Amino acid sequence: MEVAFTGDSVIDGGDGGGVSKSLAVIACTAMAILYVAILYAPTLILRLPPPDSFQSHLIRRFICAAISSVASLIACSLILPIQWGKSHLSGVYGIRLDHIWQAVVFPLTLTSLMYAGTFILKLLLLLDSGQEDGGNGRSLSLDSIKNVVHEFIESVSSMASDISAWRNFFVAPLTEELVFRACMIPLLLCGGFNTYTVVFLCPISFSLAHLNHLLEYAQRSGSWLKALTIVGFQVGYTVIFGSYASFLFVRTGHLTAPLVAHIFCNYFGIPVIISRRTGMSFFSLAEFNCL
């Protein structure tokens, strides 16, 4: 399979594009290791004192993730057989402006289908709340809808000052999609892997990168079994999501497509698994990032 790099996209062709399969795999593995390892470099290598607050801890990790992302982009540009002057490097990485609305609307619509149960459950809970209000002599819907809208606006406005929100909805999705999709997929395609192999191979490094939370979970919970259970679920879920994000990138040629899907999933968390009319049970995605 040949991969030709044009001005704004990666085009699938016939057999090998100047990068060996082994080099492509080694480069992708090195990028994944770098993305995780550099998070611990300040304390383990530079011997800096531990952060004195959670905010300082995350800011330090933001800087490390940005450095590894830039390093991966530079390394990828040196490895890929790009004909300089004829190709736009940003287009190879899926950073484009053409067809931008399709790259936003279609992935959001498709991703929303996975959350149909979540949305329906929230609607049922809203109706239950409204019926209770009606039983108390208040207007069923207006007060309930106003409360929901008010809570949503408050949650969005509070994100600007919430360091965890910056991690979950900006830094982690952007840096992870740059490294694990924008860099790795062109390398694997150019290495001669077919599209289907890339869609299922690329998420492996993405999911294994989440193993760095294992020790943190074990220390926090005091149980290796519980930590292994949580991380095992994370790895399984991120393989599924990584395949989906890789599909979006390959199908659209836009980095925007997997990026908006990543942010959307981080915001809503895991789709509802168990539902009771008195509430709902689901897993939080707050820590389903490599950061």
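**Where the loop residues sit**

In which loop is R47 found? R47 lies in the loop between α2 (41-44) and α3, where helices (H or I, at least four residues) and strands (E, at least two) are DSSP runs, numbered from the N terminus. This is a predicted model, in which local features need pLDDT of at least 70 and side-chain atom pairs count only at pLDDT 80 or more, whereas totals for chains, interfaces and linings use all residues. Residues are numbered from 1 along each chain as its sequence is written, and side-chain values use heavy atoms, with hydrogens and water left out.

Although R47 is not a glycine, R47 has a positive phi of about 60°. R47 is also exposed, with a relative accessible area of 66%; here buried means under 20% relative accessible area, exposed means over 50%, and partly exposed is in between, with a 1.4 Å probe and protein chains only. H99 likewise is not a glycine and has a positive phi, of about 55°. The place of H99 is the loop between α4 (89-92) and α5 (100-114), and with 51% relative accessibility H99 counts as exposed.

**Salt bridges**

How many salt bridges does the count come to? The count comes to 2 salt bridges, a salt bridge being a side-chain nitrogen of Lys or Arg within 4 Å of a carboxyl oxygen of Asp or Glu. One of them joins D98 to R96, with the closest N and O atoms 2.7 Å apart.

E177 and R181 are separated by about one helical turn because they are 4 residues apart in helix α8 (residues 163-190). E177 is buried, and R181 is buried too.

**A nonpolar patch on the surface**

On the surface, V149, F152, I153, V156 and Y267 form a nonpolar patch, and together they have about 450 Å² of accessible area. Patches are made of residues with over 30% relative accessible area and no salt bridge, where like charges are joined within 9 Å and nonpolar side chains (Val, Leu, Ile, Met, Phe, Trp, Tyr) within 5 Å. The accessible areas come from the Shrake-Rupley method with a 1.4 Å probe, and for residues only the protein chains shown count as cover.

Helix α7 (residues 140-158) gives the most to this patch, with 4 residues. Y267, by contrast, is found in helix α12 (residues 256-268), and Y267 is partly exposed, with a relative accessible area of 33%.

**Spans listed in the record**

For "transmembrane region", an unreviewed UniProt entry lists residues 23-46, 58-80, 100-121, 195-215, 227-249 and 255-274. Among these spans, residues 58-80 are 96% helix and 0% strand, and their end C-alpha atoms lie 32 Å apart. Over residues 195-215 the chain is 76% helix and 0% strand, with the end C-alpha atoms 35 Å apart. The UniProt positions are given in the numbering used here, feature names are shortened, and annotations may be inferred rather than shown by experiment.

**The second largest pocket**

The second largest pocket holds about 320 Å³ of space. Of the 15 residues that line this pocket, the closest to its centre are H57, R61, H213, E216 and R220. Both α3 (54-79) and α10 (214-221) supply at least two residues each to the lining.

**Two residues of helix α11**

R251 is found in helix α11 (residues 224-252) and counts as exposed, at 61% relative accessibility. R251 and T195 are 56 residues apart in sequence, while their C-alpha atoms are 9.6 Å apart in space. V231 also has its place in helix α11, but V231 counts as buried, at 3% relative accessibility. Between V231 and N212 there are 19 residues of separation in sequence and 9.1 Å in space, C-alpha to C-alpha.

Conventions: 1 Å grid on protein atoms, 1.4 Å probe; cavity = no way out; pocket = protein on both sides within 12 Å on 5 of 7 lines; lining within 4 Å. Points joined across faces, edges and corners; volume = space filled by probe spheres on them.
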